[in-house]
Amino acid sequence: MKGEPDFLQNLRDEMGDGRQWLDRGIVIAYAVLTGLAVVGFTLLADAAFGLYQSLRGAIWWAPLLWTPALTALVVWGIRRWAPGAVGSGVPQVLTALAPETPIASRSRFVSLRLSLAKIAAVSGGLLAGLSIGRQGPSVQIAAGVMLHARRWLSPKTDISTRELLVAGGAAGIAAAFNTPLGGIVFAIEELSRRLQDRSSGLMLAAIVVAGLVAVSAFGNLSYFGRIRTDGVSWWSLLGPGLLVALGCGLLGGLLSRLMLASFTGLPDRFCAYRRKRPVTFAALCGFVVAVIAIVSDGNAVGVGHHHTHALLDAAGSGEHQPLVFTGLKFIASWLSAWAGVPGGIFGPSLSLGAGLGADVAWLLDSPHGPALIALGMCGFLAAVTQTPITAMIIVMEMTDGHSMVLSLMACALLASLLSRMISRPLYSTMSLLMMRSLRGDLAPLAGAPAPMPPADR
């Protein structure tokens, strides 16, 4: 039959093209470097927040001076030397991936230099004691490292710049969360929404390799341990789980809307003052976060993984302050983003969701605290990012919650649906605003004839 693959000819084509195999080797080598970069960033960020905790423990009032001063310093430095590193990092990768973005302008959003600046700035924010995450920034960091591989590839390679960006961004999620499958789903659901046939296998291999580097560094264990759901029936979780999903959808959608408003700016006196004096405004936000840190004994700042670990171990008791923690963490996360310090929302969203799940378990006196906490983590992450499948996979891998897969999916879908009624998609909307700003910067050049762009390389 005509059109059937010729195995021997295809094998000769594959084995005979040495340059093609060299390009593949370069991509895999950069995948290893990407994983190492995220692992190094994780260790540095955790060490920075550990130093902050030591300072806060030694002198309880130190954050009132330390946090505003360092917050102002980070904002001043990033605005002066690396404005492309501001924010989460996911919108920058989406903007670089957009077909409308000129190839020459991609370095404004993703590059090796911006990756280094992002590592320094996010670590500085955690050293200041702000409520920011490191997983979103890992997307931009990893994409910048992977994109650097382009200069070593053959001019005739089938591996495009777009594929390198998608693979790098997804590898950042896989390595940051220690969840290779979550990285692959994130690539499909958020970054790409399509994978080209010729190189998709190589890109998926790069994502997995970067994830395996993280597994080698941190161990092949679930990030938050294993959720014990033995004997938990779906109907016993129906009422409390529905309440968790609704709460996550409302609060997550509100947080997403506030962060978009902070990013775009509103015609009010606070945003006007932020535009006029961004460094001073950052210091004021840092001072409020410092007060929250003192009130919450440090639980409501940082990425939040330590508090989430404690909640899962103690089933919502112990150091958790019911209702108070969730409110303080919400305000601290919003103000940290509004201050203009680079940082992600993945980690704080998981912490907020865990706190909300623990609050529902406390209000209803439910014996299924760990299960509700896992649902809260999944629901809040889905509500803020509006990527329910990615949220479900990440939480399932991080908690070894395979027995809760249907409950996690239902919670993620409901919370994401409710969030869409409150807020536009966070990352894609920020990306559109970045592209609009880029078009404004390029407008003076519009009168000159533009060369035809080459293929997406």
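This is a predicted model: local features need pLDDT of at least 70, side-chain atom pairs count only at pLDDT 80 or more; totals for chains, interfaces and linings use all residues.

Biologist: Is Ser123 buried or exposed, and which residues is Ser123 in contact with once neighbours within four places in sequence are left aside?

Modeller: Ser123 has a relative accessibility of 7%, and because buried means under 20% relative accessible area, Ser123 counts as buried. Leaving aside the neighbours within four places in sequence, the residues in contact with Ser123 are Phe41, Leu44, Ala45 and Ala48.

Biologist: Where does Pro68 lie, and how many residues apart in sequence are Pro68 and Phe287?

Modeller: Pro68 lies in helix α3 (residues 63-81) and is buried, with a relative accessible area of 10%. When residues up to four places away in sequence are not counted, Pro68 touches Pro63, Ala283, Gly286 and Phe287. For Pro68 and Phe287 the C-alpha to C-alpha separation is 5.1 Å in space, whereas in sequence they are apart by 219 residues.

Biologist: At what angle do helix α6 and helix α7 pack, and why is α6 described as oblique to α7?

Modeller: Helix α6 (residues 135-147) and helix α7 (residues 161-177) have their axes 7 Å apart and pack at an angle of about 140°. Angles over 145 degrees would count as roughly antiparallel and those from 65 to 115 as roughly perpendicular, so the arrangement of α6 relative to α7 is oblique.

Biologist: What is the handedness of the crossing of α16 and α18, and how do the residues of their contact divide by class?

Modeller: Helix α16 (residues 369-385) and helix α18 (residues 405-420) pack at an angle of about 35°, with their axes 8 Å apart, and their crossing is right-handed. On the α16 side Ala374, Leu375, Cys378, Gly379, Ala382 and Ala383 take part, meeting residues of α18 that include Cys411 and Ala412. The residues of the contact of α16 with α18 divide into 9 nonpolar, 4 polar and no charged.

Biologist: How many aromatic pairs does the count come to, and what geometry does the pair of Phe186 and Phe346 have?

Modeller: The count comes to 7 aromatic pairs. Between Phe186 and Phe346 the distance is 6.2 Å centre to centre, with 75° between the planes. Since planes over 60 degrees apart count as edge-to-face, the geometry of the pair of Phe186 and Phe346 is edge-to-face.

Biologist: Which parts of the chain does this pair link, and which residues form one aromatic cluster?

Modeller: The pair links distant parts of the chain, with Phe186 in helix α8 (residues 180-192) and Phe346 in helix α15 (residues 346-364), 160 residues apart. Phe186 counts as buried at 1% relative accessibility, and Phe346 is buried with a relative accessible area of 1%. The residues that form one aromatic cluster are Phe177, Phe186, Phe346 and Tyr427.

Conventions
Residues are numbered from 1 along each chain as its sequence is written. Side-chain values use heavy atoms; hydrogens and water are left out. Axes are lines fitted to C-alpha atoms, for helices over the stretch in contact, and angles run from 0 to 180 degrees between N-to-C directions. Helices (H or I, at least four residues) and strands (E, at least two) are DSSP runs, numbered from the N terminus. Angles under 35 degrees count as roughly parallel, over 145 as roughly antiparallel, 65 to 115 as roughly perpendicular and the rest as oblique. Rings of Phe, Tyr and Trp (its six-membered ring) pair if their centres lie within 6.5 Å; planes under 30 degrees apart count as stacked, over 60 as edge-to-face and the rest as tilted. Buried means under 20% relative accessible area, exposed over 50%, partly exposed in between (1.4 Å probe, protein chains only). Contact means heavy atoms within 4.5 Å. A crossing is left-handed if the near helix is turned anticlockwise from the far one by less than a right angle, and right-handed if clockwise. Ala, Val, Leu, Ile, Met, Phe, Trp, Tyr, Cys and Pro count as nonpolar, Asp, Glu, Lys and Arg as charged, and the others, Gly among them, as polar.
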